[in-house]
Amino acid sequence: MLNIQDINYGNENLDNIVFLDIDGVLNDMTSHCNYEFNKEAITILNDLYKKYNIKIVISSSWREAYTFQFLQKLFNDNELVVPIIDKTNVFFKDSIETNTMSLEEIENLKDDISNIYSRDYEILDWLKRFKPKHFLILDDFKMSNPLLFKHQVVTKYWSYNQNDLALNKNQIDLCEYILELEEKKW
């Protein structure tokens, strides 16, 4: 696995980035926080890695609770072969009421963006800084920004139907479609 300290972003291939939430994507209500991820979700991510050479950026709140090294070990222990290259910054929402701003509007903010909390803005901030060609968001929290929503597969943390939980085989085609969207021009 890659270590964040070993990555030279100028040379790292950022063609296919996956912003990854953990609760609701890799685990679900049946997991009981035992650090064993859903096997089907792991298989899907590993298959996407083989086909698209994806890299993971952690957008989950787990990035605050656990060290980067712990997350790398946890992913390795769960047989996830996709490299984790980064995590999004954490912002605090106190001045913006909605998450519908465009990337250009965020760039023109007079206030420091670090005063805003929203997963949308955290992902937009990462996109603004690193400008990947393609990106996919895997999260059980629905993005409200239109730019992000069209790049998202919304998963479920809780459902009466166990086959709908976490990232599952019914979502593979959508993941591939999003990773094959026309390249984003920054």
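Guide: What follows describes the confidence of the model, then the aromatic residues, and lastly a pair of helices.

This is a predicted model, in which local features need pLDDT of at least 70 and side-chain atom pairs count only at pLDDT 80 or more, while totals for chains, interfaces and linings use all residues. Residues are numbered from 1 along each chain as its sequence is written, and side-chain values use heavy atoms, with hydrogens and water left out.

The predictor's confidence in each residue is pLDDT, from 0 to 100. Its mean over the protein chain is 81, and 73% of the residues reach 70 or more. Residues 1-10 have pLDDT below 50, yet this stretch has 23 contacts in the model beyond near neighbours in sequence (contact means heavy atoms within 4.5 Å). Residues 94-98 also stay under 50, with eleven contacts beyond four places in sequence.

Rings of Phe, Tyr and Trp (its six-membered ring) pair if their centres lie within 6.5 Å; planes under 30 degrees apart count as stacked, over 60 as edge-to-face and the rest as tilted. By this rule there are ten aromatic pairs. One of them joins Tyr-35 and Tyr-66: the ring centres are 6.0 Å apart and the planes stand at 85 degrees, so the pair is edge-to-face. Tyr-35 lies in the loop between strand S1 (16-20) and H1, and Tyr-66 in the loop between helix H2 (62-65) and helix H3 (68-77), so the pair ties together parts that are 31 residues apart in sequence. Helices (H or I, at least four residues) and strands (E, at least two) are DSSP runs, numbered from the N terminus.

Tyr-66 also pairs with Phe-70, and here the rings are stacked, 4.8 Å centre to centre with 20 degrees between the planes. Tyr-35 is partly exposed at a relative accessible area of 32%, as are Tyr-66 at 22% and Phe-70 at 31% (buried means under 20%, exposed over 50%, partly exposed in between, with a 1.4 Å probe and protein chains only). Tyr-35, Tyr-66 and Phe-70 belong to one aromatic cluster that also includes Phe-37, Trp-62 and Phe-75.

Helix H1 (residues 39-52) packs with helix H7 (residues 172-179) at about 35 degrees, their axes 11 Å apart (axes are lines fitted to C-alpha atoms, for helices over the stretch in contact, and angles run from 0 to 180 degrees between N-to-C directions). H1 contributes Ile-44, Leu-48, Lys-51 and Tyr-52 to this contact, and H7 contributes Ile-172, Cys-175, Glu-176 and Leu-179.
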